[in-house]
Amino acid sequence: MSSPGSVTIWLGQLQAGDPLAAEHLWRGYFHKLVNLAQQRLRGRPPAVADEEDVALSAFDSFCRGARQGQFPRLDDRHDLWQLLVLLTARKVCRLLRDERRLKRGGGAVRHLSALADEDAGMAEVIGAEPTPEFAAEVAEELRRRLEALGDNELRAVAVAKMEGHSNAAIAERLGVTERTVERRLGVLRKLWSEKEGDS
Amino acid sequence: VSEASLPSIADLPAAEVLPVERQCNRFEAAWKAWREGPRPSLEEHLAGVGEAARDVLLCELLHLELVYRRQRGEIPSLADYVSRFPDRERLRLVFAGPGWGKSGLLRRVPP
């Protein structure tokens with residue numbers, strides 16, 4: 001992406017009824033993000049846990065899919081990538097805010113102005129282009145969230161969805177109904193959103 | 001009539017989500033294994049979750065049951081359920097809701 005683009009701009013364009021422009025921004029941003037995250041994951045020491053292998057596998061196969069034209073759509077209400085990017089950005093935002101507050105010697109009181117600054121902070125963190133650091137945070141966040149699921153059936157749906165497969169294809173692969181896949185995606189979104197403040 | 005009117009897993013507190021998910025998985029596994037004899041029981045699978053989650057669970061279990069009955073060549077009707085679950089309007093919504101996918105679910109509202 002060139003010019004000041006960000007998740008807030010994608011979402012703004014989507015809300016303004018310009019889904020094609022938002023899709024274009026998201027696609028460009030997303031490809032760069034995943035490629036950067038994959039490079040960062042490859043630079044890690046050998047995996048010590050199965051969950052890490054799962055995250056690596058998700059990135060590997062998703063990157064292959066992305067090169068073949070598969071990528072998450074902005075209008076997919078179940079897309080986990082958008083959620084992951086937003087959750088990671090909020091988390092980084094909070095960390096930066098806390099660091100700045102500590103440097104200023106501030107206390108624990110959270111001013112209203114801090115809330116108002118959150119949108120601007122999100123745009124700052126996500127930026128016009130994904131940075132390697134932010135991509136690494138997204139990759140790490142994915143690894144943590146897959147590991148924390150502790151449920152192989154939910155994990156299988158999360159990985160397959162993030163690899164870009166359709167709900168119908170996931171249902172067929174897992175031998176369950178499409179409704180079950182949709183429900184599990186709802187569960188994942190719920191759990192990931194609710195745990196945002198904990199992780 | 002909109003599926004959005006149905007209670008959704010998104011409306012539940014996080015603590016209620018996994019118990020609902022587990023019951024749905026058990027129910028689906030029971031239907032996949034069923035060949036003859038007593039069918040998997042909706043009522044039995046409704047137990048084990050809190051009151052707040054029961055409406056969501058009923059809708060999810062009923063969706064599953066309709067899929068598997070349909071796959072076995074049956075034509076489920078509302079009458080099969082109204083005597084067991086008094087919320088007729090909710091049952092109608094599950095029967096009529098969109099998003100049935102390609103798994104052999106009913107699309108029409110039964111008489």
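**Exercise 1. Decide whether B:E21 is buried or exposed, and find its salt-bridge partner.**

Step 1. B:E21 has 1% relative accessibility, so B:E21 counts as buried. Here buried means under 20% relative accessible area, exposed over 50%, and partly exposed in between (1.4 Å probe, protein chains only).

Step 2. The model is predicted: local features need pLDDT of at least 70, side-chain atom pairs count only at pLDDT 80 or more, and totals for chains, interfaces and linings use all residues. Residues are numbered from 1 along each chain as its sequence is written, chains are lettered from A and ligands numbered from 1 in the order in which they are written, and side-chain values use heavy atoms, with hydrogens and water left out.

Step 3. The partner of B:E21 is A:R184, with 3.1 Å between the closest N and O atoms of this salt bridge. A salt bridge is a side-chain nitrogen of Lys or Arg within 4 Å of a carboxyl oxygen of Asp or Glu. The pair crosses between chains, joining helix 1 (residues 14–33) of chain B, which holds B:E21, to helix 9 (residues 178–194) of chain A, which holds A:R184. Helices (H or I, at least four residues) and strands (E, at least two) are DSSP runs, numbered from the N terminus.

Step 4. A:R184 has 4% relative accessibility and therefore counts as buried.

**Exercise 2. Describe the salt bridge between B:R90 and B:D55.**

Step 1. The N to O distance in this pair is 2.9 Å.

Step 2. B:R90 lies in helix 5 (residues 88–96) of chain B and B:D55 in helix 3 (residues 51–71) of chain B, so that the pair links distant parts of the chain, 35 residues apart.

Step 3. B:R90 is partly exposed at 22% relative accessibility, and B:D55 is partly exposed at 39%.

**Exercise 3. State which residues are linked with B:R69 in a network of salt bridges.**

Step 1. B:R69 forms a salt bridge with B:E74, where the closest N and O atoms are 2.6 Å apart.

Step 2. B:R69 is buried at 11% relative accessibility, and B:E74 is buried at 19%.

Step 3. The network links B:R39, B:R69, B:E74 and B:D80. Over all chains, the structure holds 12 salt bridges.

**Exercise 4. Count the buried residues of helix 7 of chain A and examine its ends.**

Step 1. Helix 7 (residues 152–162) of chain A has 8 buried residues out of 11, and is mostly covered. Among them are A:L154, A:V157 and A:M162.

Step 2. At the N-terminal end, A:D151 caps the helix, with a side-chain oxygen 2.8 Å from the backbone nitrogen of A:E153.

Step 3. A:G164 follows helix 7 of chain A and has a positive phi, near 100°.

**Exercise 5. Work out how helix 4 and helix 6 of chain A pack.**

Step 1. Helix 4 (residues 80–104) of chain A and helix 6 (residues 132–149) of chain A pack at an angle of about 110°, and their axes are 9 Å apart. Axes are lines fitted to C-alpha atoms, for helices over the stretch in contact (heavy atoms within 4.5 Å), and angles run from 0 to 180 degrees between N-to-C directions.

Step 2. The two helices are therefore roughly perpendicular to each other. Angles under 35 degrees count as roughly parallel, over 145 as roughly antiparallel, 65 to 115 as roughly perpendicular and the rest as oblique.

Step 3. Residues of helix 4 of chain A including A:W81, A:L84 and A:T88 meet residues of helix 6 of chain A including A:F134, A:V138 and A:R145.

Definitions and conventions
A polar contact is a pair of N or O atoms within 3.5 Å; within protein, one must be able to donate a hydrogen and the other to accept it, and residues adjacent in sequence count only if both atoms are side-chain atoms.
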